[in-house]
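Me: Hi! I have a two-chain model open and would like to talk it through with you. Could you take a look?

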Amino acid sequence: MIWYALGSILLPVLGSPLVLFLPERHVKKASQIFSFLAFTSGLLLLIAFAFNRASFTRELVTLNGINYYGVTIDTLSVLVNFMVVFLGWLICTYSAGYMSPDNKEHPIKEGVPRFYALMLLFIGSMAGVVFSSTLLGLLFFFEMTGLCSWGLIGFYGDQKSRNSALWAIILTHTAALGLYVATAYLYVNTGSFSVTALNKLTDAGKTIAFTGILIACWGKSAQLPFHPWLPRAMVAPTPVSAYLHAASMVKVGVYIFARTVLATGSVPQVIGQAGAIMAVVTMIYGFIMYFPQDDMKRLLAYSTITQLSYIFLAISISIYGSRMAFNGAVAHIFNHAFAKGLFFLVAGTLSYTTGTRLLSRLKGILNKIPVVGLGYIAAAMAIAGVPPFNGFFSKFMIIISGFEIGRHYPLILALIIVTVIESVGSFIWFLKWMGANVLGAPSEVVASAAEPPLAIKFVLAVLMIMTLISQYIVLFLLS
Amino acid sequence: MIEVGENILFYLPAVPLGTALLAFGIRSRRMVEVVHFAGISSVALLSLLLVQYVLRGQTLLALDGMLYADGLTALLVLIIGVVGFLDGFYSIGYLRHDLAQGQVDAKGACFYYGFYHLLLLTMVLAAISNNIAIMWVAIEATTLGSAFLVGFYKHKTAAEAVWKYVLICSVGLAFALYGTILTYSSAFAVVQDAHRAMLWTELVGMARGLDPQVMKLAFVFILIGYGAKVGLVPMHTWLPDTYSEAPSPVSALLSGVLMKCVLFGILRYYPITLQAVGKEFPQTLLLIFGLLSVGVAAFFILVQNDIKRKLAYSSVEHVGIIATGLGAGGPLGILAALFHVINHSLTKSLLFCTVGNVARKYGTRDAQKIRGMLKVAPFTGFMFMAGLLAVVGAPPFSIFVSEFMTLAAGLQGGYFWPMILFLVLLVIVFVAFIILISDTVLGFPPEDLPRGDAGWLCLLPLGILFLLMAGLGIHVPAPLNQLLQGAVSVVLGGK
């Protein structure tokens, strides 16, 4: 099993420099092959783990008796890694169609090898985060994903994209200082980098370490006050947004928080309080920011911010002793990735075929390009949390466990009520746009839309299926 | 393996001396290049040989105890050998361009290579001398040797830079001389033997018996004196001028190697002071100078427009980081500092050499005018980006590891808030260099600029430096690890 995990990390990392040196016509093929191999590793790991359910940690890099990097295989890492490599492969496939001169919004003529090299490195670094058994490993790959995201967000190279990319790297790196301090503090006080060593700290020590971790996680997951980078990052090519800003980069934050909370038996409640309050504050902020958005991608960015708040809230509630809240968080990390990934790719397909992604100009998508229309419906329903789509199941788990814990902690009860209101509000808002954009007779831009390439249609179809079934994969593994 | 024993301590200075004399005597470009290449290769091989002896647990003594090599020496000689080789290698391609342009004639090139090897000679002497007075002389001599290289182009600005360089460093070194004399006198009071009171090995042995008050004073003088030459704030003012006016491979050698030689001068006094006056005093002093250097440099990096000046200030910053590591103290802090010395040598050499290519391509060093490097000269652009990422401590490059160790050492030493300040300052540097990459490397180049990279002679050394720098970030080979551990115990206990 260890080899499947290493395959998910190393195959894309090896592929990354390779595509830089390949002749340009082979680049798309090669990157699809490498991302597919990584996906295969992830899938095999998922299957193997589903059968024997053996969680373990293997130390890999040790020097002078100190373990610097190791791999942890458990439900959390296996699930999230599967999501990372699966979406990685889908996005590479989608990009084969999207990153072409036929793209109406942004015809792509050069830089394709650079794009795939960064993308593959990103997939590998993500898998590196997911499997890391040490804080140092988490920090290392945290920074690696930051660097790749910088290159990817600024891909088009104009002043605006480069500035947006600067926002992303500077804000996330600044937040990462928390993780630097937490890691160094852990090492100094326990002599180990292992995530489980957090247990050996005193309560005051845990508070210091977790404060650092939480700050870093807020930065990466675009929570207040580090959020401004995410809406700006929407200048990135849409496959990048779909991968980084739905499935992977923003999930690094919540993942690290989940991983450290899971490894630590008892986390001080003050961390739970801080996490929950900031989550709901961010949630309200993100929700308010829905209303002025006309650019579909920016709307999705704010939606991502609020959905990540759900996950932060759930993990924070789990600190109060709710196993179900933690499972809800894991499920939401998993489900949201597919739903939001689909949503971004729908937005991308719309800009590819129509040349615009302004919500007010899109009408009658279902009529003209049915596959995109159906994708829109599935994604919107999943994000809003409507059964039978996947978002419903994880949101339900989070809210139920919130009410349970809320019986003893009025603060949590109040926060969870706000969450329910937000959930209803965003349902109405997405329903409104869905009605306006998907149904009815095609507007002018939609009527002139070109047919999306096969690769794009294939990926949309796979993701639509995933929004209907991903929750069962999670529930099966969590059982 | 050839067994040369302690004779290696004679070969090490003899080879650069011979090469220098030869180079001064030759008048043909081709010949001098061959001689130069043979010279730098031999020094590199000898340095590896010395490392091998030291790793076997030997400390070498020669010439009645005047020449000496232990773990710390071996580490420094390794840097002189390897980085000196790579910078020297890059010099060949760099000078050929000047020769082709007619800016330099064959005689000038011979002159350059001659002084290059003289500088190597003085650096090697500083590294292997066991006599603190000879060490001082050697370090002073490096100033003179390098001054000719800095002023190589004989521009007016270069002349001014050289003047400032020689003046400030010599004044600084006068302080170091006081420190040396104070140490000697306090040792003489103990042993009553002029020869022994000069030898570092003896000084370390008797450090506990030295007068603490005198040694405090001596350490302050040493730190200010040698500190001026490594560029610790506030004695750093000569450094940006000198580094930016020197030919790029010389800047690389100054920042990558020479700076480290002088730093090791301070390191030699560290165990003596540690034992004579306790750890509180030297550590606090180093920590203050360290953080001050990082802080001042951080803001200057942000506001400079000349990329070479930015890099020069970055050298000040990194000396500050090394001093912070030493100030944090303990085995971890010393290890962090020594590892950082290696990493900074590789990274800064890479950057200065890369800037050589960049400045030639664009005809300017102004960060506002250089655009789209990755599209104009992909290899150079990539190296510049990688070097800058490394210099700000981004993984997977090795400075990430040593900066992290410095942080951990500081926390271990109980300096929580100073370390938070340290991190915040590093973020400022991070922002400055990330913006520099965003502006110069990415984006679109000027329309009229022809595309194409420098010749392979100017690219291959960069590639090697890059591989070393990235490799050390992921894996520290066992021999290097052993060498570092040996050097740490030298700095902590003199053994």
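Reply: Happy to! One term before the helices: axes are lines fitted to C-alpha atoms, for helices over the stretch in contact, and angles run from 0 to 180 degrees between N-to-C directions. Helices (H or I, at least four residues) and strands (E, at least two) are DSSP runs, numbered from the N terminus. This is a predicted model, where local features need pLDDT of at least 70, side-chain atom pairs count only at pLDDT 80 or more, and totals for chains, interfaces and linings use all residues. Residues are numbered from 1 along each chain as its sequence is written, while chains are lettered from A and ligands numbered from 1 in the order in which they are written.

Me: Thanks! At what angle do helix 12 and helix 16 of chain B cross?

Reply: Roughly 35°, with the axes of helix 12 (residues 307-328) and helix 16 of chain B coming within 8 Å. The crossing of these two chain B helices is left-handed (the near helix is turned anticlockwise from the far one by less than a right angle; clockwise would be right-handed).

Me: And which residues meet there?

Reply: From helix 12 of chain B, B:Ile321, B:Thr324, B:Gly325 and B:Ala328 meet B:Glu403, B:Thr406, B:Ala409 and B:Gly410 of helix 16. Contact here has C-beta atoms, placed from the backbone, within 7 Å. By class, this helix 12 and helix 16 contact in chain B has three nonpolar, four polar and one charged residue. Ala, Val, Leu, Ile, Met, Phe, Trp, Tyr, Cys and Pro count as nonpolar, Asp, Glu, Lys and Arg as charged, and the others, Gly among them, as polar.

Me: Changing topic: how many residues of chain B are in contact with chain A?

Reply: 21 residues of chain B, and they touch 20 residues of chain A. Helix 16 (398-412) and helix 17 (416-441) of chain B each supply at least two residues of that side of chain B. Helix 17 of chain B gives the most, with seven residues. The side of chain B that touches chain A has 17 nonpolar, four polar and no charged residues.

Me: What confidence does the predictor give the complex?

Reply: An ipTM of 0.88 and a pTM of 0.92. Chain B averages a pLDDT of 91, and 99% of the residues score at least 70; pLDDT is the predictor's confidence in each residue, from 0 to 100.

Me: Is A:Ala222 buried or exposed?

Reply: A:Ala222 is buried, because 29 other C-beta atoms lie within 10 Å. B:Asp64 counts as exposed, with 10 C-beta neighbours inside 10 Å. The cut-offs are 20 or more other C-beta atoms within 10 Å for buried, 12 or fewer for exposed, and in between for partly exposed, with C-beta atoms placed from the backbone.

How values were computed: Contact = placed C-beta atoms within 7 Å.
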